[in-house]
Number of protein chains: 2
Amino acid sequence: MTKRPTILDVARTARVSKSTVSLVLQSSSLVKAETAETVRAAMAEVGYVYNRAAANLRSTSVGLIGLVINDLRNPFFTEFATSVQMALSAKGYATVVANSDEDPDLQAQLIGSMIEHGVSALIISPAYGEPERSFGPIIRAGVPAMQVLRQVEARRDHIPFSSFDYIRGGELATRHLLEQGAKNIAFVGGLEGRAITNERMAGYLKVMAETGSEPLVFHGRSSRSFGNAAADLITNKHPEIDAAVCFNDLVALGMLSGFARLGRKLGKEFCLVGFDDIEECAQVWPQLSSVSCDIAAFGQHTASAMLEWLEKDKHPETEYRAGVELIVRSSSLRVPAR
Amino acid sequence: MTKRPTILDVARTARVSKSTVSLVLQSSSLVKAETAETVRAAMAEVGYVYNRAAANLRSTSVGLIGLVINDLRNPFFTEFATSVQMALSAKGYATVVANSDEDPDLQAQLIGSMIEHGVSALIISPAYGEPERSFGPIIRAGVPAMQVLRQVEARRDHIPFSSFDYIRGGELATRHLLEQGAKNIAFVGGLEGRAITNERMAGYLKVMAETGSEPLVFHGRSSRSFGNAAADLITNKHPEIDAAVCFNDLVALGMLSGFARLGRKLGKEFCLVGFDDIEECAQVWPQLSSVSCDIAAFGQHTASAMLEWLEKDKHPETEYRAGVELIVRSSSLRVPAR
DNA sequence: GTTGTTTTTTGGAACGTTCTAAGAGGGCGA
DNA sequence: TCGCCCTCTTAGAACGTTCCAAAAAACAAC
């Protein structure tokens, strides 16, 4: 395995100087067309590979944006990652995605490595825990960074935060269930104490308090299997509950399967609303009502805020909340449509 | 926005030479403990950020592995990406993930950019089309690369291929449905002409031919919505069909929702087998039988094959097929369990 | 104090680019 | 023939590290 050829090898083969080769690389109009052709032929001949690291050594800006995601297996996050990436690549920026898998150590390591590689900016959906180990280096290095969807670092002036208006989402869902005549509405899913759980629950709690109803909360992992188990729990231990707002769609879909297994009819016997409105909501039967967070639009908004920051030095607002919308489908309609 | 401090600024502040600072960075035992302490203090003071690009300029190996995935929204691929990443990070390699979103142009661009950034290796689940534009540069640059899950580049001696034994999977599923007494088995989903469709279908066709049955194939996108529509199509136009092997779980899950909507009972009236065995199969109701491709194990195998290639120069076999297994659940059992 | 040995520290040459300033060659008007 | 202005090409100094060889400092033994 011999060493990679450099610009000098190309220059030697083409019988020109390294400067000329460099100019050809930048397709400068300074070089004569035929010289450029010779140089390109020489590149092909020696198997030249451009070394971007060396080039960036002079002007430390790489046009590379790092995206650190806490859970790559969650469709919500991959949808976000995909839309950010599309928006950035349209503007000529490359995106690298890394998955912290909810591990603060790994997250700190990934962020450190991206900073060292000289990314121009970072977009982070952070894991919980040890914010300082991840965010300290970012602030010290002065790399523009945004935290999205979850807030773990207080210094919003340095690291602005953007997310959805979850509180309003919880309100919309709860009011809708009340309108459907639900008597006992539960909130299901979400790990206790987490900021996002509290936000999604706050709207629910607010409406329950307004109407003087007793809140019923079942915390747990935000997974299908927890939802599935919750369906059993509610059916067996809390038969009075006739509706639920779920922490997210995965929990709601789990409950939906659980109720199907138990033979309970959604709509008639139980009204269910999810949160996120992932694609699957419209594909399952009965179709799942959900608080829609337009994650693709959110990704685009995030990307363009970051680009304005980078290119026009326009610092984003310290907190941004994207709007949400309740999508009503049959899982929450007392009298099924049609 | 002032220039980033370098090793020289640190040296000046700590009143030592740049070489000493460099040694401290590598936590060499050559420097006296107290000197090292002074240097570290100086680093903190000036806000030093290590510049890995500059360091890599000398020894062109970065310990960075690129993972290019064709569809980041598909759980099957994200599961794969996650497990590769975990296995690599355990061995001290960082992984960057990029999503080509089935776009050969974008894929070529991403691969080019990763090569230029000097990744040590590439693992690619390729998009279909224009293999030369993506794989040519890889071969020219001499970067170790593997194509996984899909084969689009013929030169396997350069770019080894690994995937699952899909043919056997199709066989297992079809035989199982026959044992359940199915009379007319269809194959549903998968875009026509694609290598992976043909492989997954080959086992089905083989068993059908052996038993002299007429194959019935419904090609289409590998999505829930296609499965959902296929349930209608089969129920209305082909009522004689009483079982199906699906191209993947998404199609099967779409059919499952469709049948629920149409009120057809899986197991009794129709037997269904999916492909991939994603987590959701065990969460839906009725639970979905599926050909299990242990994607996490596959990811680990891929990662370690790549590491052996990099570290021990042991070239992987040109083609590797991981085993598959049929997981029988209630969606395909004529007489439901218990 | 001298000499030898070990421990620390250091200057300077890489690494592969870009970019500035200057050089080479040729055409053209005086 | 000279000077001037083109067009094209090039030497050489960056950029921020690592690493080698060698210098300096510290210590030990005589």
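Reader: What makes the meeting of the side chains of A:E79 and B:R73 a salt bridge?

Author: The N to O distance between these two side chains is 3.2 Å, and the term asks for a side-chain nitrogen of Lys or Arg within 4 Å of a carboxyl oxygen of Asp or Glu, so the pair qualifies. The count between chain A and chain B is 6 salt bridges. A word on the ground rules: this is a predicted model, where local features need pLDDT of at least 70 and side-chain atom pairs pLDDT 80 or more, while totals for chains, interfaces and linings use all residues. Side-chain values use heavy atoms, without hydrogens and water, residues are numbered from 1 along each chain as its sequence is written, and chains are lettered from A and ligands numbered from 1 in the order written.

Reader: How many residues of each chain take part in the contact, and how much area do the chains bury?

Author: Chain A gives 46 residues and chain B gives 46 residues, with contact meaning heavy atoms within 4.5 Å. About 4,500 Å² is buried between the chains, 56% of it on carbon and sulfur atoms; buried area is the accessible area (1.4 Å probe) that two parts lose on being put together, summed over both. A:E116, A:Q283 and A:W285 supply 14% of what chain A buries against chain B, more than any other three residues.

Reader: Which element gives the most to the side of chain A that touches chain B?

Author: That is α5(A), with 7 residues; helices (H or I, at least four residues) and strands (E, at least two) are DSSP runs numbered from the N terminus.

Reader: How do you know that the length of helix α6 of chain A agrees with its 13 residues?

Author: The expected span is 1.5 Å times one less than the number of residues. For residues 104-116 that gives 18 Å, and the end C-alpha atoms are 18 Å apart, so the two agree.

Reader: Why is A:E102 called partly exposed?

Author: Its relative accessible area is 33%, and buried means under 20%, exposed over 50%, partly exposed in between (1.4 Å probe, protein chains only), so A:E102 belongs to the middle class. B:S27, with 62%, is therefore exposed.

Reader: Which peptide bond of chain A is cis, and what is its omega?

Author: The bond joining A:W285 and A:P286 is cis, with omega about -5 degrees. A:P286 lies in the loop between β9 (271-276) and β10 (289-292) of chain A. In chain B, B:W285 and B:P286 are also joined by a cis bond, with omega about -5 degrees.
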